[in-house]
Amino acid sequence: MCGIIGYTGFRKAAPILLDALKRLEYRGYDSAGIAVINHEIKVEKRSGYVSYLSGNMEGHVGIGHTRWATHGEPTDINAHPFVDCRNEFAIVHNGIIENHEKLKEDLIKKGHRYSSKTDSEVIAHLLEEEYEKAGDFRKAFINAINRLKGSFAIAAIHKGEKRIMGVKKESPLIVGIGDGENFLASDVPAFLPYTNRVVILEDGDVCEITPKSVSFYDMNGNPVEKKEEYIDWSPESAEKSGYEHFMLKEIYEQPVAIENTVHSLFSTHIDLKYHGKINVIACGTSYNAGFAGKYLMEKMLKIPVEMHYSSEYRTRPNVRERALSILITQSGETADTLMAAKIARKRGHETLAITNVLGSSITHHVDHVLYTSAGPEIGVAATKTFMAQLASMYYLSAKLGVDYGIINESRHEEFMEEFRRIPRLIENSLQLEDDIKKIAYELKDKEHMFYIARGINYPLAMEGALKMKEISYIHAEAYPAGELKHGPLALIRKGTPVVAIVSKDETYEKMLSNIKEVSARGAYVIAISSESEVKSYVDQWIRTPSNNPDFSTFSSAVVLQLLAYHTAKLRGCEIDKPRNLAKSVTVE
Ligand code: M6R
């Protein structure tokens, strides 16, 4: 959601800014713009795509932005960057300025004129005012940001200067260190073709970059030391590499994503106390991964694991409990999950984040972090990060089982043997793609679908339905199979597609009954199962490789992702950037 880029160096800024904005497109946006200094500040901004911008401007210092509208419609005027009345400063901003109305009112009284309906424009005017008093860009910037309330990542430039000022508060901002050039961006892929050396800003960090230097300050202007890190992502990892869509590429990257995640899990030492209760808190796909993990965790640990949507967590009364709260977020920037992490901590819980992004905001609000190492995920629909989160929950279940003295070494080893086979399981499931394509053809003209399952497969059904609706725009609902006859069965009629996930476990016989129930009402049943018996009760059988019910989740997930992908493709949908959605949702 919203992307920032800043460049200062020896190259022409505009092409770099536009290229970086394209790399940030996956975050979701509805307008874009750049500002470049060449004697004076020149701005080009438009509603719609980055490709609408010509980038026809000279100059070696500039900032750019992709905007996802929150205050004011997605129009040309409301797009960033914004300049002050004298066109001496330009700014781009992610987040929300909560006190913008009051600030704006005061500045208008002093003669400032506004062009947009955004909360962000106020920052450019504040800079103008503060510069008049301070006479120095850095001082003016620090004074201005101290007058802001809310969440923000900001980059600002000043006419006649090569430096870019930046600040981070509850919205990501990363400095990229090059040779004779430096960058500032909301996410690493923006500058990955130029450098892998980064400094990840923390809340309250201010940075000043010039072509040859990067320096850091706190919000009072005192210098601070920051650690440089090396990101081992390759520029290709953020490119399509011959795949038609990022989503398909990322589905195929899953075996490697899991190998890397397993490696990183094994090399992370975390010591978690026993509390007798676990909460899992997340949104969307991360919630579904956590939910599937809950089933295994309860089975292994024999303690209650309670699921919470991050956005609902704050409405929960502060019940007295000792708990480990696990926050799952691939981006590490989801506003609802960040808020939930803060609340859980305030309530005295031990907190653990599972995230894919090094140094992301969530890591500053929890006691422990487990990194999934899935690599950058560009497609808005989460795929490889889901698998990596699921694997992390499995790993954690087994680890806690041993740490808490609930499972013995030999049970642990037995489990780990299966665990290490997950990448192979995924590879085998990827081979089902041609069969899945044929089934997608049967679904392409449908408007409604159901996904049913029981036990650990129910969260998978939820994930399958979420993938289908978000990228193909088919209305897809997931139900615990036993719930159908309590209402939704009324919607099943001739030809209604029902995807059933069936494992050979204690739910098997009941799932077969549920399949017969919907078949008898004319449903078009697609079963995902390793069991050949299922074939005789359904219209389509997708034979998955694993017959271990605990681990078949990984193979079923691949099938569900590919089914959604191919259905969306046949419907001509914009798969990597579904309408109305953003990759990282930084507003509550
Ligand atoms: O970055 P997060 O994991 O916190 O994101 C949570 C959801 O916004 C995300 O999983 C969303 O549901 C995906 N678009 C689903 O594919």
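Reply:

**Salt bridges**

By the distance rule applied here, the count comes to 43 salt bridges, in a model that is predicted. Side chains of opposite charge can pair when their charged atoms come close.

Lys277 lies in the loop between helix H6 (254-266) and strand S15 (278-282), and Glu321 in the loop between helix H8 (310-313) and strand S17 (324-329), so the bridge ties together parts that are 44 residues apart in sequence. Lys277 is buried, at a relative accessible area of 11%.

Another buried lysine is Lys249, with a relative accessible area of 4%. Its salt bridge is to Glu253, and the closest N and O atoms are 3.0 Å apart.

The side chains of Asp367 and Arg345 also meet in a salt bridge, 3.0 Å from N to O. Arg345 belongs to helix H9 (residues 335-346), while Asp367 is in the loop between strand S18 (350-355) and strand S19 (368-371), so this pair ties together parts that are 22 residues apart in sequence. Both partners are partly exposed: Asp367 has a relative accessible area of 39%, and Arg345 has 36%.

Some bridges share partners: Lys110, Glu129, Glu130, Lys133 and Arg147 are joined in this way into one network.

Notes
Residues numbered from 1 in each chain as written. Predicted model: local features only at pLDDT ≥ 70, side-chain atom pairs only at ≥ 80, totals over all residues. Heavy atoms only, no water. Salt bridge = Lys/Arg side-chain N within 4 Å of Asp/Glu carboxyl O. Buried < 20%, exposed > 50% of the residue type's maximum accessible area, 1.4 Å probe, protein only. Helix = DSSP H or I, 4+ residues; strand = E, 2+ residues; numbered from the N terminus.
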